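Q: Please take a close look at one part of this fold. Begin with the strand pairing, then follow the packing around it.

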Amino acid sequence: MRDRSPGQPVPEAVLPTPSSAAASGRTTIRVSLPSRSVLTLMIAAVVFGLAAWGSSAAHAATTTVKIPAESQYVAIGSSYAAGQSIATQLPVCGRSTNNYPHLVAKALHLKLTDVTCGAALTANAIDTPEGDQPPQIDAVTKDTKLVTITIGGNDVQYSPTALACGADSVTCLTATPPTQLDSEFAALPGALTTLIDMVRSKAPGTKIVFVPYVRIVPPTTCPALNFSPAAASLVGGIGKRLEKVFVDVVKKTGVIMADPYAVGADHGPCAGSQAWIAGHQATNGFPYHPTAAGHVAMAHLVDHALGDG
């Protein structure tokens, strides 16, 4: 289910062809206009999501971390961060000008370099080009003051499995052998830790905020998912395992976490206008990927995690 070909990556979504005029794949934007999200998420909700994994992590999410205006901010991630198919799309990688990195940069008056890219594996953030896009870590420099990271789902077939199950809830159940999935999960914590270590090495003192994947399968399913009970169990199980990996890595590395999965049980595809993630059909976005409202929520969680929300 995962296509590792660098010329045509499709684990998360079918991407627009990169334009030759933007071959570097980096979207750098200087933003200084104030824009606070209209969505109010109390910091207590974030603490609730962190409380189970240690006071140090909860403290990191509730302590004010002041990042000076006009500081350099790099966004690393897959299509869950890029804003696949959300208006307005940039020429490469399925990036939207309304993805959560752009919203965070606007709210905090930061200079954004957005290297998020649909279909990215963790390897594409560390050392492996994705098509003509260089490794995302290359965008981090000694002057970088904030890095957000949303990556790892493609390594363990999260949204690819959701897309497959939405299309056919029978064949998707056996598309990825359990032993392969177990092996991929076993490798993911080390890869994420390596990425975080590389960020710290290139930009000592930078603030790192890890933003997990929005939860696809809510506690109670609905027709919007287009999943059989078995498919919902499979996709939901991968999401739960992925969240545990993220929580464990955050606890081990001591980075900040802004966690939409932990507070998103009531904002799945069944939540109508309150959905943070689309189901089988997406009106402004891509199936089984964050909605525009989801990106607003993620941006607000990052603001809160830094003490600015």
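A: Val-147 has its bridge partner in E5, and that partner is Ile-208. The model is a predicted one.

Together with Tyr-80, Tyr-158, Tyr-213 and Phe-246, Phe-210 makes up one aromatic cluster. The structure as a whole holds six aromatic pairs. One of them is Tyr-80 with Tyr-158, a tilted pair with 6.4 Å between ring centres and 40° between the planes. Tyr-80 belongs to helix H3 (residues 79–82) and Tyr-158 to helix H6 (residues 158–167), so this pair ties together parts that lie 78 residues apart in sequence. Both Tyr-80 and Tyr-158 are buried.

A second pair is Tyr-213 with Phe-246. This pair is stacked, at 5.9 Å centre to centre and 25° between the planes. Tyr-213 sits in the loop between strand E5 (207–210) and H8, while Phe-246 sits in helix H8; the two are 33 residues apart, and the pair links distant parts of the chain. Why does Tyr-213 count as buried? Its relative accessibility is 2%, and the cut-off for buried is under 20%. Phe-246 counts as buried too, because its relative accessibility is 1%.

Gly-254 follows H8, with a positive phi near 75°.

Ile-238 is another residue of helix H8. Its relative accessible area is 3%, so Ile-238 is buried. Beyond its neighbours within four places in sequence, Ile-238 is in contact with Val-156, Gln-157, Tyr-158, Thr-161, Leu-181 and Phe-185. Tyr-158 on that list is also a member of the aromatic cluster. The C-alpha atoms of Ile-238 and Ala-162 are 9.7 Å apart, although 76 residues separate the two along the chain.

Now the core. The largest nonpolar core has 74 residues. H8 gives this core its largest share, ten residues. The residues with the most contacts inside the core are Tyr-73, Ile-76, Tyr-100, Ile-149, Leu-195, Ile-216 and Phe-227. Take Tyr-100. Leaving out residues up to four places away in sequence, Tyr-100 touches Tyr-73, Ala-81, Thr-148, Ile-149, Thr-150, Val-211, His-295, Met-298, Ala-299 and Val-302.

Last, confidence. The protein chain averages a pLDDT of 84, and 78% of the residues score at least 70. Over residues 1–25, pLDDT stays under 50, and the model has 72 contacts beyond four places in sequence for them. Residues 27–62 also stay under 50, with 70 such contacts.

Methods. Residues are numbered from 1 along each chain as its sequence is written. This is a predicted model: local features need pLDDT of at least 70, side-chain atom pairs count only at pLDDT 80 or more; totals for chains, interfaces and linings use all residues. Side-chain values use heavy atoms; hydrogens and water are left out. Helices (H or I, at least four residues) and strands (E, at least two) are DSSP runs, numbered from the N terminus. Rings of Phe, Tyr and Trp (its six-membered ring) pair if their centres lie within 6.5 Å; planes under 30 degrees apart count as stacked, over 60 as edge-to-face and the rest as tilted. Buried means under 20% relative accessible area, exposed over 50%, partly exposed in between (1.4 Å probe, protein chains only). Two strands pair if DSSP finds at least two bridges between them. A nonpolar core is a set of buried Ala, Val, Leu, Ile, Met, Phe, Trp, Tyr and Cys residues joined through side-chain atoms within 4.5 Å. Contact means heavy atoms within 4.5 Å. pLDDT is the predictor's confidence in each residue, from 0 to 100.
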